[in-house]
Protein chains: 2
Amino acid sequence: MKNNKLTPQALKGFRDFLPEEKRKRDFVIKKIVETFEIFGFEPLETPTLEYAALLLGKYGQEADKLLYSFQDRGGREIALRYDQTVPTARILTQYQHVLPRYFRRYQIQNVFRADNPQKGRYREFTQCDIDIFNSESPISDAEIIATTYFAFQNVGYPEINIIINDRQLLFSILRPCATSKVDVFSLIQSIDKLAKIGKDQVVAEIVQKGIKQDQAEAVISNTLKTKIIPSLQNIIDLATGLGVPKQSIIFDPTLARGLDYYTGMIFEVQLPGYTVGSCGGGGRYDKLIGQLGGLDVPAVGIAFGFDRMVEAAEYFKLISQANFITQILVTVFDKNNLSTSLSATSTLRKNGVKTELYPAFDKLSKQLKYADKKGIPYVVIIGPEEAEKKMIKVKEMKSGEEKTQTIEDAIGYLLSQFGF
Amino acid sequence: MKNNKLTPQALKGFRDFLPEEKRKRDFVIKKIVETFEIFGFEPLETPTLEYAALLLGKYGQEADKLLYSFQDRGGREIALRYDQTVPTARILTQYQHVLPRYFRRYQIQNVFRADNPQKGRYREFTQCDIDIFNSESPISDAEIIATTYFAFQNVGYPEINIIINDRQLLFSILRPCATSKVDVFSLIQSIDKLAKIGKDQVVAEIVQKGIKQDQAEAVISNTLKTKIIPSLQNIIDLATGLGVPKQSIIFDPTLARGLDYYTGMIFEVQLPGYTVGSCGGGGRYDKLIGQLGGLDVPAVGIAFGFDRMVEAAEYFKLISQANFITQILVTVFDKNNLSTSLSATSTLRKNGVKTELYPAFDKLSKQLKYADKKGIPYVVIIGPEEAEKKMIKVKEMKSGEEKTQTIEDAIGYLLSQFGF
C-alpha cells in the first residue's frame, strides 16, 4: 500500500470540491430547493450511519456487497447511507403519528457505494429526491412531474423534456411473452436498452435470454406501437394543468426504467443538447415502502441526477461565475492609512458587496496580482493621497480603468456593476 | 442486541431531522453563509471518508479511540471525518499550486465521533468553520472576529459578545509557575474552568496537580489582574475598524480555551441571555497545519457551535415558522372543477407562494382538517359555484374568515399577507 502520509490524497472514487466546483453545486441545489419549497415540499435529514440490519437485503444481493458496513466499538453492525429511500421508509414508520397524512419531502444528502469507480460514477455522491407518500391519486403523479419540470426550469436549462410511460403498459405487452425463465422484469431490463443499443441488439439480448427470435421481434414491435392509456393521459393532462408545457411531456412506450419496483407511471428527464444521458428519473412505486419493512404506503417520486445536472448547467453556461466570486479586493497601503481601508471594507460589505480585505502591507503590484489571480474584478485602492482627499480609487481589473471618487459614489458605481 | 427490524430506530447518538427542525437548521446555515460570502470566504467540501492514516494520531490518543474507522473491501483502512481541520490540511498541501495565496474558506459538513452520547453531545454533528490560511497578519485575526460577529448578527441574536484573550499572555503568566510535572498547557486547562467552577476549585485542582497552594493562588490572582497587550489591542482596534461595536469585544484574561494548539489571539462567542454556553470559539493556530503533516501554514479561524446556535435562535424566537411553512393549501372539489384548482395552484406558485395541492376528492372538512394539522395558514376553496363565477374563496384558518374574489385579487391579497 502507498504511504499516504507522504502523498496526501483523497480515497479513490471520492472527490474534493474546491470553491469553484462547490459553488456550481450550491447554485444548482439552491435553485431546485427554491422550487421544492414553492411546490410545498419539506426538507428531511437522516443520519449518515444506520443499523446495517436496516439496509441489508433491501437493495438486492449485488447491492449488499456495495454497502459500506462495519462493526462499531459497541459491537453494533452499522452501515453508511446507501440511498435515501430505505431511511425514509424507517422515518415513515417511526414517525407515522407525527407526519402529515400526505408527506411531501425533499432530501439532499450524500450516499455511499463501494462500487468500481469510473467516469461519472463515484463512491460518495449526492442524491436528491422528492416524493409524495401515502397518496395513490394521479394528482400526486402530476405534482411530481410539475415540480421536476419547474425545478429544472429554475436552474435555467433551455429545453426540458419529460419522457413518460406506464409500467402497466409494459406489463400488459410483455407478460404474454414472459416465460418461467425470462420474467417480465428481465424483459423490461432489455427494453430499457432500446435507446442506447438499438432494436437489433435488444432483440439479440432477449433471444439470448431464451425467447424465440420471432417472439422477441414481436415484443419490440408491439412495444413500439403501443398507444397511451387513459390513466397515463390523465396524469399528463393534470401536469399540463399545473403549468407544464404540453410539448415538454413526451410519451415513449419503450421507456422502461431499470428498477423493478415501479408500479405505474414512470418518467425520465432529458435535456436536448446535453447528450450524456438522463438527468433524473422516477415514477410511482406503491409497494416498495411496504416491502422495505415500512408501512404499506403508496408513493411517487423522482431522483434527480445531481452530478449530471451540475455538468449540464455548466455545459449550457447557466452558472455565471460573476454571481459567486468575491467582487472587490480592498488593498492596504500602510498602518497610517489602514483605518480608511477598514471602513471602506465595512461599508462595502454593509451594502452587500462581496469584499475581501488584503491582509499584508505588500507592494500594490503584488496585491493587484493577487486579485487578478483570484479573478476578483474590482480593486479598491486607498493611498495617502486618496485618504487625505477622503476619496477612494476603484480599478477595474479587466480594462485597467481607474476612477477616483467618494466612497459613496464608488459604492453606487460598484453596486450598479453587480446589478444591485 | 435488540431486533432492529421490529423497532425501526436511528442509532444512539444520531438524529433524524424532521421538516420543522431541519428548517431551523437550514435557516441558521443560510444566514451565516450569506455573511461568509459577503466577507469573501469561499466554500469547500471534502469527502466523508478518508484514509485512516490521514486522521490517526492527529487528534491525540483519546481521540483516536473516537474515530469511526474500518477496513473497506479493498483492504484499505479508512475512517469517517472527525473534524474539518485535518482534511483541510490535506487540501492545503495537495492543492497548494491552485489555491489562492490567502485561502479564506468556509466549510459546513458533518463529523463523526464514537463518543458517549449525552445531552447536547452527538455521534454525528454539523461542524461549521471559517479560517484564513497563510496570513500571520493581525488584519486576518480581525477579519475572523468581524465575520463571526456579523454572521451572528445576521441570524438576529439580540446581543453578541466576543470574549477575547491572547495565548501569549497566558504563557507569560503561567510559564514561571509551570514545572516538569505540571506544564503550561495543564495550567491553561485548569484556568479554562474558572468561569465554570470558580476560583477556589481551580486553585484546588492546580494544587492537586502538584503546585504549592500559595503559588496556585498567585497563578490565579496574576491571571486575573493581567492587562491587555498592545498586539491584542491592535487586533481589537482593527475589528472595530471593520464595524464590530467596541462594547461587543470584551478582554478576559482568564479565557483560556481548552485546546493546546492556539498560539496567539483566542476568542469565544457568548450570547447574553442564552446560558447554555459559548456558541463558538477560535483563535490563531500558526503551528497546527504544519504539525498535521501539511505545509507550514499560519492560520486563524473559528468553529461555530452550530447546534447551540440553532438552539439559541429558537430561544430568542428568531425563526418565524411563517417564513418556512407551506403557505396555502389548494383544495380540490371534483373532477369537473379540478382544472380550476390546478390553474390556481400554478398561478400561486408562479407568484412565489408556497402552495400545496390536496391530492384526493375528500370532503372539504377533511381537507381543512389536513391544512389545520399541518399549520398551513390559508386554504383556497374552488367549488362549482366559485368555478362558474371564475372566483376563488380564500379561507384564513386562524380566524375562519372567508373571502370570495377573483384569482388575481386573491393572489394580491395572499402575497400581501406574506409580506411580498
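A disulfide is here a pair of cysteine sulfur atoms within 2.5 Å, and a search of the whole structure by that criterion finds zero disulfides over all chains. The structure is a predicted model, in which local features need pLDDT of at least 70 and side-chain atom pairs count only at pLDDT 80 or more, while totals for chains, interfaces and linings use all residues. Residues are numbered from 1 along each chain as its sequence is written, chains are lettered from A and ligands numbered from 1 in the order in which they are written, and side-chain values use heavy atoms, with hydrogens and water left out.

**Cysteines**

Select B:Cys279 to begin. Its sulfur lies 12 Å from the closest cysteine sulfur, that of B:Cys128, which is too far for a bond. With a relative accessible area of 0%, B:Cys279 is buried, where buried means under 20% relative accessible area, exposed means over 50% and partly exposed covers what lies in between (1.4 Å probe, protein chains only). In chain A, select A:Cys177, which also counts as buried, at 9% relative accessibility.

**The two copies**

Now display both chains together.

A:Ser346 is buried at 9% relative accessibility, and, when residues up to four places away in sequence are not counted, it touches B:Gly241, B:Leu242 and B:Gly243, contact meaning heavy atoms within 4.5 Å.

Then move to B:Thr345, which lies in helix α14 (residues 338-350) of chain B and is buried at 0% relative accessibility. With residues up to four places away in sequence again left out, B:Thr345 touches A:Leu242 as well as B:Val330, B:Thr355 and B:Leu357.

Follow that list to B:Val330, in strand β12 (residues 328-330) of chain B, a residue buried with a relative accessible area of 0%. Beyond its neighbours within four places in sequence, B:Val330 is in contact with residues including B:Ser341, B:Thr345, B:Leu348 and B:Val380. B:Val379 is 49 residues away from B:Val330 in sequence, yet their C-alpha atoms are 5.9 Å apart in space.

**Annotated positions**

Return to chain A and select A:Asp83, A:Gln84, A:Thr85, A:Arg113, A:Gln127, A:Asp131, A:Arg257, A:Tyr261 and A:Tyr262, where UniProt, in an unreviewed entry, places the feature "binding site". UniProt positions are given in the numbering used here, with feature names shortened, and annotations may be inferred rather than shown by experiment.

Centre the view on A:Asp131, which belongs to strand β6 (residues 124-133) of chain A and is buried at 5% relative accessibility. Apart from neighbours within four places in sequence, the contacts of A:Asp131 include A:Phe41, A:Arg104, A:Tyr285 and A:Gly301.

**Aromatic rings**

Rings of Phe, Tyr and Trp (its six-membered ring) pair if their centres lie within 6.5 Å, and planes under 30 degrees apart count as stacked, over 60 as edge-to-face and the rest as tilted. The count by this rule is 41 aromatic pairs over all chains. Select A:Phe36, A:Tyr106, A:Phe152, A:Tyr157, A:Tyr274, A:Phe304, A:Tyr315 and A:Phe316 to see a cluster linked by ring pairs.

In chain B, select B:Arg15 and B:Tyr122: the charged end of the arginine sits over the tyrosine ring, 3.5 Å from its centre, the criterion being NZ of Lys or CZ of Arg within 6 Å of the ring centre and within 35 degrees of the ring normal. A further example is B:Arg104, with its charged end over the ring of B:Phe41 at 4.8 Å from the centre.

**A backbone detail**

Most residues other than glycine have a negative phi. Finish at A:Lys317, which has a positive phi of about 55° although it is not a glycine; A:Lys317 is in the loop between α13 (306-315) and β12 (328-330) of chain A and is exposed, with a relative accessible area of 72%. B:Lys317 likewise has a positive phi of about 55° and counts as exposed at 73% relative accessibility.

Definitions and conventions. Helices (H or I, at least four residues) and strands (E, at least two) are DSSP runs, numbered from the N terminus.
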